[in-house]
Amino acid sequence: MQLSTTFQTGRLTLHFSGELDHHAAKEAMQRIGRAIDLNLPRDCIMDFGALSFMDSSGIAVVLNTHKRMVEVGGRAHVVNVPRQPMKVLTASGIYRIVEIIEQEALA
């Protein structure tokens, strides 16, 4: 899995690509935590647009990111979710905790 970050005007965007599975989740959570600590964003956008696969470890990444954002007084969102990762997110009910929105809604 690849993870890149951009920060602009109080918004940290995390760009995920490839496969988010148990092999990638731990490192992703560490990198995300460091990016949040460094930037202290108001919003953290997890862009799953280039994610080809996600297992239940991806749920842990989303929840951990949400928790870190609450700790710094911010919010987390998930955007651009492909079909397979959306099935995992929907089955977990995570949308009750973390908002899943279209990219256009953030503009």
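In this predicted model, a network of salt bridges links D37, R68 and E71. A search of the whole structure finds three salt bridges, listed below.

| Salt bridge | N to O distance |
|---|---|
| D37 and R68 | 2.1 Å |
| R68 and E71 | 2.5 Å |
| R75 and D43 | 2.8 Å |

The pair formed by D37 and R68 links distant parts of the chain, with D37 in helix α1 and R68 in helix α2, 31 residues apart. R68 and E71 are separated by about one helical turn because they lie three residues apart in helix α2. D37 is partly exposed at 46% relative accessibility, and E71 is partly exposed at 48%.

The salt bridge of R75 with D43 involves two strands: R75 lies in β4 and D43 in β3, so parts 32 residues apart in sequence are tied together. D43 has a relative accessible area of 9% and is therefore buried, the cut-off being under 20%.

Strand β2 (residues 11-20) runs parallel to strand β3 (residues 43-54), and nine bridges join them. The chain passes from β2 to β3 through helix α1 (residues 22-39) in a right-handed β-α-β crossover. Within this pairing, L14 stands opposite M46 in β3.

Five bridges pair β3 with strand β4 (residues 75-79), also in the parallel sense. Here D47 has V79 in β4 as its bridge partner. The path from β3 to β4 goes through helix α2 (residues 56-71), and this β-α-β crossover is right-handed.

Note on methods: Residues numbered from 1 in each chain as written. Predicted model: local features only at pLDDT ≥ 70, side-chain atom pairs only at ≥ 80, totals over all residues. Heavy atoms only, no water. Pairing = 2+ DSSP bridges. Helix = DSSP H or I, 4+ residues; strand = E, 2+ residues; numbered from the N terminus. Right-handed = clockwise from strand over helix to strand, strands pointing away. Salt bridge = Lys/Arg side-chain N within 4 Å of Asp/Glu carboxyl O. Buried < 20%, exposed > 50% of the residue type's maximum accessible area, 1.4 Å probe, protein only.
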